[in-house]
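Morning, everyone. Please look at the screen while I talk. I'll go through helix packing and then rings.

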Amino acid sequence: IGSMKIPFDEVVKVLFGNGDPKYTTAILNIRLIRVVTAIIVGAALSVSGAVMQCVLRNPLASASSLGVSQGAAFGAAMGIVVFGGGMINSSSAKSAIAVENPYIVTLCAFVFGIVSTIVIIGISQLKKNIGPGGLILAGTALSSLFAGASTLLQYFADDTKLGAIVFWTFGNLGSTSWNEIPVLAIIFAAAMVYFLFNRWNYNAMEAGADTAKSLGVNTRSVMLISMIICSLMAAVAVSFVGIITRVGLIAPHIMRKFVGNDYRYLIPASAIAGSLLLLLADIVSRLVIPPVILPIGALTSFLGAPLFLFLLFKGGKKNG
């Protein structure tokens with residue numbers, strides 16, 4: 001550190017415990033799992049945001065825009081308050097507090113995240129001419145509804161349950177285990193296969209709905225199926241790690257500056273950027289005030305403000 005010179009063998013001892021199996025197990029169960037979770041969740045949120053922005057023709061589209069994250073937050077609050085998820089003090093070094101019944105909370109968060117998607121799709125089917133902008137407005141309305149319902153649950157919750165709700169909404173990459181990683185990986189891999197298979201359809205839709213239809217693309221079918229898969233992937237990710245916002249909005253826009261709007265390259269590039277962004281946020285959250293781990297959801301939210309301002313001024317210049 002600084003001018004100090006540390007021998008390489010000492011560094012190995014610190015990182016790998018000099019072959020101590022207990023230390024190796026701790027690395028696999030605490031550190032490595034956070035890295036793997038950040039890679040998969042960051043990629044899933046980023047790719048879902050990139051595809052949503054294409055099919056909805058809206059640069060601000062993401063899982064948060066359609067109420068998926070807010071629905072999951074309400075579901076988690078419901079699981080904690082109504083179904084007894086609660087919170088207990090933990091004596092382990094991994095966390096000062098822990099959700100008492102995480103599987104109930106995860107299941108409720110996933111269900112209500114999907115409910116938001118079903119409502120959006122139902123609205124699009126009932127009102128054929130609603131358009132992408134209308135779907136964003138419907139998602140904003142759902143977000144407001146779920147936020148109000150979550151506030152009411154918090155109002156009637158006791159201190160323990162209120163603390164559990166707030167703790168869950170912070171976002172926590174350390175809340176997963178090796179049992180949940182395969183679920184996240186399989187859903188993400190299946191979604192990537194579909195998105196890459198439809199990469200030419202997305203390129204056609206990027207040029208406009210009329211152009212895509214003239215090229216033989218069933219724009220409505222592609223939009224609905226893509227929205228279902230994006231929402232499912234985002235709902236699963238959020239239900240396991242809590243609310244992590246702005247990753248699905250920031251990463252695709254960053255990569256558009258490097259690879260353009262060609263979805264042959266934008267989809268895998270967004271996955272890489274989302275993983276790196278969430279990994280960077282996790283590193284920062286652990287290094288700013290050690291040994292305190294800052295809420296990663298708050299850090300990713302901070303990143304959204306500069307991007308919103310950039311899009312605002314960019315749009316103002318274009319309109320001018």
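At roughly what angle do the axes of helix H7 and helix H12 cross? Before I answer, two ground rules. This is a predicted model, so to speak of local features we need pLDDT of at least 70, and side-chain atom pairs count only at pLDDT 80 or more, while totals for chains, interfaces and linings use all residues. Residues are numbered from 1 along each chain as its sequence is written, and side-chain values use heavy atoms, with hydrogens and water left out.

Now the answer. H7 is residues 181-197, H12 is residues 263-287, and their axes cross at roughly 155° and come within 10 Å. Helices here are DSSP runs of H or I, at least four residues, and strands are runs of E, at least two, all numbered from the N terminus. An axis is a line fitted to C-alpha atoms, for helices over the stretch in contact, and angles run from 0 to 180 degrees between N-to-C directions.

What does that angle make the pair? H7 and H12 are roughly antiparallel. The cut-offs: under 35 degrees is roughly parallel, over 145 roughly antiparallel, 65 to 115 roughly perpendicular, and the rest oblique. The crossing of H7 and H12 is right-handed.

Who touches whom? From H7, Phe 188, Met 192, Phe 195 and Leu 196 meet Ile 267, Pro 268 and Ala 271 of H12. Contact means heavy atoms within 4.5 Å. By class, this contact has 7 nonpolar, no polar and no charged residues. Nonpolar covers Ala, Val, Leu, Ile, Met, Phe, Trp, Tyr, Cys and Pro; charged covers Asp, Glu, Lys and Arg; the others, Gly among them, are polar.

H12 has another partner. The axes of H11, residues 247-259, and H12 come within 8 Å and cross at roughly 125°. That makes H11 oblique to H12. This crossing is right-handed. Among the H11 residues in contact are Ile 250, Met 255 and Arg 256, and the H12 side includes Tyr 263, Leu 266 and Ser 270. The classes there: 13 nonpolar, 2 polar and 1 charged.

On to rings. How many aromatic pairs does a search of the whole structure find? It finds 6. Rings of Phe, Tyr and Trp (its six-membered ring) pair if their centres lie within 6.5 Å; planes under 30 degrees apart are stacked, over 60 edge-to-face, and the rest tilted.

Take Phe 74 and Phe 112. Their ring centres are 4.9 Å apart and the planes sit at 90°, so the pair is edge-to-face. Phe 74 is in H3 (residues 68-81) and Phe 112 in H4 (residues 102-126), so the pair ties together parts 38 residues apart in sequence. Phe 74 is buried, at 10% relative accessible area. Phe 112, at 21%, counts as partly exposed. Buried is under 20%, exposed over 50%, partly exposed in between, with a 1.4 Å probe and protein chains only.

Next, Tyr 202 and Tyr 263. Their centres are 5.9 Å apart with planes at 55°, so this pair is tilted. Tyr 202 lies in H8 (residues 199-206) and Tyr 263 in H12, so parts 61 residues apart in sequence are tied together. Both tyrosines, Tyr 202 and Tyr 263, are buried. Ring pairs link Tyr 194, Phe 195, Tyr 202 and Tyr 263 into a cluster.

Notes
A crossing is left-handed if the near helix is turned anticlockwise from the far one by less than a right angle, and right-handed if clockwise.
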